[in-house]
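Here are my notes on the model you sent over. I've kept to the charged pairs and the nonpolar packing.

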Amino acid sequence: MRSFRTLGIVGGIVVVLVAACSEHGMSPPMPDVAPPPPPPSGPVSLRIASDGVPHPGVTVVFQAADSHVVGTAVTDASGVASMTMEAGGFVTAIDPFGPPAAGGANDLRTFAGVRPFDELRLGRDDARTGLQVRVTAPVAQNAASYTLHTTCGTGTLVATGTGKPTALVTLQGCTSAVDMIVVANDATGKPLRALIARGLAVFDGDTLQLTGTYEPIASVGIEYSAVPDAYTSIETHATITTQAPILSADATAAVQFGIANTMLALPGFFDTALRIDAHPVPAAPKLGVHGVLTWSSFSTNNFVQLWDLLLPDYAQRPTFSLPRSIFWSETQNGARILDDAPNFESSVPPNIGIPDVVIAKLHVARPDRTFDWTIATPYVGPVVTYPQLSPTPGELAVFDPAPGDAVDVVRLSTVDVPFGYDSVRANILNVVDYAELITDPTFGRISYEDLSP
């Protein structure tokens, strides 16, 4: 095992002593072992489906990092197109969910920085199956009303002739096992107690008799520290999750001396998690809207230090430059530095978050055509580079922005995820809520910034 000791600096050079132990006190150092190189090339596939139904016949363009066309393919009966590629290229689907209506805009979706053996996915859920079930819960002492929260819908329970709260509710997009929480409220609507039922098998037309004991509602505290000077309050959206999000509460807290505190009334059951989605509100409008999503096991005491989690501010609105790039500028989201501020020192330099992912969208208009082009790409600084489709055979070159086009950047999102772009690339263009990027449900954080409208 090696050990390192810095001896000093001589002529600007750091002198380091390297030693290794053996049975006689010293042994030759072990050679450095480099990780194996990535495969030079391999298959890259894209699967396209809606509500689980494959989309055949979609044109997919596979390009190298320099826009050289590797090939084009059409999705097969299973909605899949594939091609052998080297790392770093682009995969673009043309109208993945069908051609536009008359006069509508074409839809292009591009994955950048792809790697061999990627299995990319494009999908959407428009027609989620609904189940109608009757739910009955026990009576809670002093309760005036009851609300039902599930992993696939909500409802209001009303006391029947038997005195038990009952509701006929429609659940959307349920899995094979549904979790439910019933919250008993007082006459003012304040939550009093709650009970949980887990893993219920639910079928259309079912009647479910919930059992169990109502537990006290917890007072969940969240303290935000090291809030930069530019922000006057923090908006919080907190969510209890089991196998999926089940119950949420919102609050807004004022910032004083870089600190904001908020309290939420939420049920705290064993083996649930708490997601905290924080949005700092600036004193003056900014070009970007910041968010920090943290999650961990449920706790009544939660601490979030925003100083090193907020991403760089957009300092200039993004602009498109021919032939294929978006540019913008960024500034550090300056932290509040106070000698008497708790938990951090005034001598510590700001440590801002660094994005891993950029999602951008162009709207291009010309007299005979309009199209929207969304791209997901690794963050390399305040620039996004699109592929050029002009080398592609056929008519796909019409989707390259050209002189005279009206080109607007209608979306710019930067995101910092726990395990980098590679961990989310396959599904990144399907994301509606940043919580969908959670890969480790036990603990973590995601920082993001979206361009203001």
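**Notes on salt bridges and cores**

1. Start with Asp107 and Arg109, which form a salt bridge whose closest N and O atoms sit 2.8 Å apart. Both Asp107 and Arg109 are buried. Keep in mind that this is a predicted model. Searching the whole structure turns up 7 salt bridges, and I'll go through a few of them here.

2. Next, have a look at Asp422 and Arg115, whose side chains meet in a salt bridge at 3.3 Å, N to O. This pair links distant parts of the chain: Asp422 is in helix H1 (residues 421-424), while Arg115 is in the loop between strand S9 (106-114) and strand S10 (119-124), 307 residues apart.

3. Arg366 and Asp405 make another salt bridge through their side chains, 2.7 Å from N to O. Arg366 lies in strand S27 (residues 357-366) and Asp405 in the loop between strand S29 (383-385) and strand S30 (406-416), so the pair ties together parts that are 39 residues apart in sequence. Arg366 is buried, and Asp405 is buried as well.

4. Some of these bridges share partners. Arg115, Asp118, Asp422 and Arg425 are joined that way into one network.

5. On to the nonpolar side. The largest nonpolar core has 34 residues, and those with the most contacts inside it are Leu46, Val91, Ile428, Leu437 and Ile446. Which strand gives the most to this core? Strand S3 (residues 42-50) does, with 3 residues. Setting aside residues up to four places away in sequence, Leu46 touches a list of residues including Val60, Val80, Val91, Phe111, Leu120 and Leu122. Gly79 and Arg121 are among the residues Leu46 touches as well.

6. There is also a second, separate core of 33 residues, which includes Val227, Ile240, Ala249 and Leu309. Ile240 turns up again with Phe298: they are 58 residues apart in sequence and 7.8 Å apart in space, C-alpha to C-alpha. Phe298 lies in the loop between strand S23 (288-297) and strand S24 (301-305). Beyond its neighbours within four places in sequence, Phe298 is in contact with Ile240 and others, among them Ala218, Val220, Leu266, Pro267 and Leu274.

Technical notes:
Residues are numbered from 1 along each chain as its sequence is written. This is a predicted model: local features need pLDDT of at least 70, side-chain atom pairs count only at pLDDT 80 or more; totals for chains, interfaces and linings use all residues. Side-chain values use heavy atoms; hydrogens and water are left out. A salt bridge is a side-chain nitrogen of Lys or Arg within 4 Å of a carboxyl oxygen of Asp or Glu. Buried means under 20% relative accessible area, exposed over 50%, partly exposed in between (1.4 Å probe, protein chains only). Helices (H or I, at least four residues) and strands (E, at least two) are DSSP runs, numbered from the N terminus. Contact means heavy atoms within 4.5 Å. A nonpolar core is a set of buried Ala, Val, Leu, Ile, Met, Phe, Trp, Tyr and Cys residues joined through side-chain atoms within 4.5 Å.
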